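Dear colleague,

I am handing over the structure to you with this email, and below it I describe what was found. Please keep the structure open beside the text while you read.

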Amino acid sequence: MRKIYWRRNSLTPIIFLVLLICFITFITTFHINQESIISFIYHTPNNCDELARNSLLHQSTIPPYHLLIPYQEFAMRTSISCHSYKLDEPKKNPSKLHPRHSQYLRGKFPYIVPYSNITFNDIENFYTKILVTKKNQTKILRTSFASNISFENVPYIYINDMWHPVGVISAQRTAILIPLQGRDFNAKTFIFNIHAFARRQLLTYTILLIEQVHPLGHRFNKGRLFNAGVRYIQNQESLNITCLILHDVDLIPENDGNFYTCEPIHPKHTTIRVQQVGSKRGYTRYYEFLIGGVLLLTMDLYKKVNGFSNLYWGWGGEDDDLSLRFIQRRICVVRPSDGLAIYAALPHPRGQRNNARFNLLTWSTVRLDTDGFAQIDPMIRFVEIQKRSTVTHIKLDVNANEDLYKAPSMEEYQSLTDQTDEHITTTRKTIVNNDLSLIESTLNEKINEVDNLLPKVKHDHKSNKDEIASVTNFLEKAIAEHR
Ligand code: BGC
């Protein structure tokens, strides 16, 4: 009689089960771990109770319901992306055009770096005369500041301080805000290119250059410049801006599929890959937490986080601070795909670093409501506003009436930071302890579950064995009968 062999590996189901349990445990604890940190910083009633119970936190001079975190650790561990969000799925509205339906999209954007002699008048002249009178057959335009311009003439009209595509109503009314200090050539290069880019997408738009001109020699305060720019827009009610684009002056988008549209409830960060102009090195991808470079958001979102902090002087930090504000308000950020969100970076010397930024970031969200857009007015003075159709050039004093605003001095920050050092250590310990005890209790639970499951597995295994034996018997009989 032919024998039938069954593979009887009694250990396999147990090993599989144990691995499965380990996997579930890992995922659960990892999730709880992250959640515990994130939820720790929000002022939900739960957290308040927890904080109130902790006497050390209670003694602190910092309001107890706010985030005080070791910033770098936090930035490393926190994701602010809305991972499952689908971009650019505009609601069907036949009367309002979304850029994805523009017939001028060509993919790669043929930006140019002009000669250094380019002036703001040249740009104005180009978009109001040279490009408009361009004959269809002329592919390449030559001007005194560039010899290889291949921009298309998209019919546009300038009405009430905004550029409109002729015969089209754009879905949004967009303002592109560019903060500036020095870097004049970058500004002209950017403005020259961005009009052609915006037109391919048929945006209704205006461009604002917000330049810090006073006090001279003072460090750059990008946060104040953005806040001032947004205040200016808000005051110009007739502009009726629905989408703000906060744009670095040195970044030129390279693909016109990178739509300059705001998402209704999420900020959109589009500088995912950046490559220096003329550099042979590849595109750089920055850290996940980064929202600097180019950020698009509605006016409502901007107000919801009280805009930027006004306290960052020098290079760095103000954008990370905004990231923390989004987290504090539970707002996640969307991003287009890597292939579209690519930029050419114009060379420039880097401004003086702000070494105080990490201290400021540590207690960033404590200041969310008291340091930002709502507080900007007494700090700024509009020195001059120059209006051209291609750019509204706002010159600003960003340190006006400083005594009206009692911002802490650096020394005061220092003492505050010293005071909070202990607080941070305690917070960190609490977080770690919370994590550990959570991990421990989850593990214990899982171990119990395994203990409880084992007899059942053993039992199941025995009944499996019996069943296999009976099937084997049956088959052996059937084969024998068949013969
Ligand atoms: C700075 C940010 C900057 C980023 C990328 C960070 O260290 O704090 O302001 O955007 O680096 O350059």
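A search of the whole structure, which is a predicted model, finds two disulfides. A disulfide is a covalent bond between the sulfur atoms of two cysteines. Counting the bonded cysteines along the chain, the disulfides follow the pattern 1-4, 2-3.

One of these links is formed by cysteine 82 and cysteine 332, whose sulfur atoms lie 2.2 Å apart. This pair connects distant parts of the chain, 250 residues apart, with cysteine 82 in the loop between helix 4 (71-77) and helix 5 (120-130), and cysteine 332 in the loop between helix 9 (318-328) and strand 11 (342-345). The angle about the S-S bond is 115°, and the link of cysteine 82 and cysteine 332 is right-handed.

The link of cysteine 243 and cysteine 262 is right-handed, with 80° about the S-S bond, and both cysteine 243 and cysteine 262 are buried.

Next come the charged side chains. Side chains of opposite charge can pair when their charged atoms come close. The count of salt bridges in this model comes to 14, and a few of them are described here.

Arginine 335 and glutamate 288 meet through their side chains in a salt bridge, at 3.6 Å from N to O. This pair also links distant parts of the chain, 47 residues apart: arginine 335 is in the loop between helix 9 and strand 11, and glutamate 288 is in the loop between strand 9 (284-285) and strand 10 (294-298). Arginine 335 has a relative accessible area of 22% and is therefore partly exposed, and glutamate 288 likewise counts as partly exposed, at 32% relative accessibility.

Within helix 9, aspartate 321 and arginine 325 lie four residues apart, which is about one turn of the helix. An α-helix has 3.6 residues a turn, so residues three or four places apart point the same way. The closest N and O atoms of aspartate 321 and arginine 325 are 2.9 Å apart, and the two residues form a salt bridge. Aspartate 321 and arginine 325 are both buried. A further salt bridge pairs arginine 367 with aspartate 371, where the closest N and O atoms are 3.0 Å apart, and both arginine 367 and aspartate 371 are buried. Through salt bridges that share partners, Asp321, Arg325, Arg367 and Asp371 are joined into one network.

Helix 7 (residues 222-235) is also worth a look. From its first C-alpha to its last, this helix of 14 residues reaches 20 Å, close to the 20 Å expected at 1.5 Å a residue. How many of the 14 residues of helix 7 are buried? Twelve of them are, and helix 7 is mostly covered. The buried residues in helix 7 include Lys222, Arg224 and Arg231 as well as Leu225, Phe226 and Ile233.

Among the strands, there is an open sheet of four strands in the order 6-11-8-9, with mixed pairing. Strand 6 and strand 9 are the edge strands, each pairing on one side only. Strand 8 (residues 273-276) runs antiparallel to strand 9, and two bridges join them; valine 274 has threonine 284, in strand 9, as its bridge partner.

Finally, a word of care about confidence. The mean pLDDT of the chain is 81, with 76% of its residues reaching 70 or more. Over residues 1-8, however, the pLDDT is below 50, and this stretch has 13 contacts in the model beyond near neighbours in sequence. The pLDDT is also below 50 over residues 30-66, a stretch with 60 contacts in the model beyond near neighbours in sequence. Where pLDDT is low, the predicted coordinates should not be read in detail.

With best wishes

Key
Residues numbered from 1 in each chain as written. Heavy atoms only, no water. Expected span 1.5 Å × (residues − 1). Buried < 20%, exposed > 50% of the residue type's maximum accessible area, 1.4 Å probe, protein only. Disulfide = S-S within 2.5 Å. Salt bridge = Lys/Arg side-chain N within 4 Å of Asp/Glu carboxyl O. Pairing = 2+ DSSP bridges. pLDDT = per-residue confidence, 0-100. Contact = heavy atoms within 4.5 Å.
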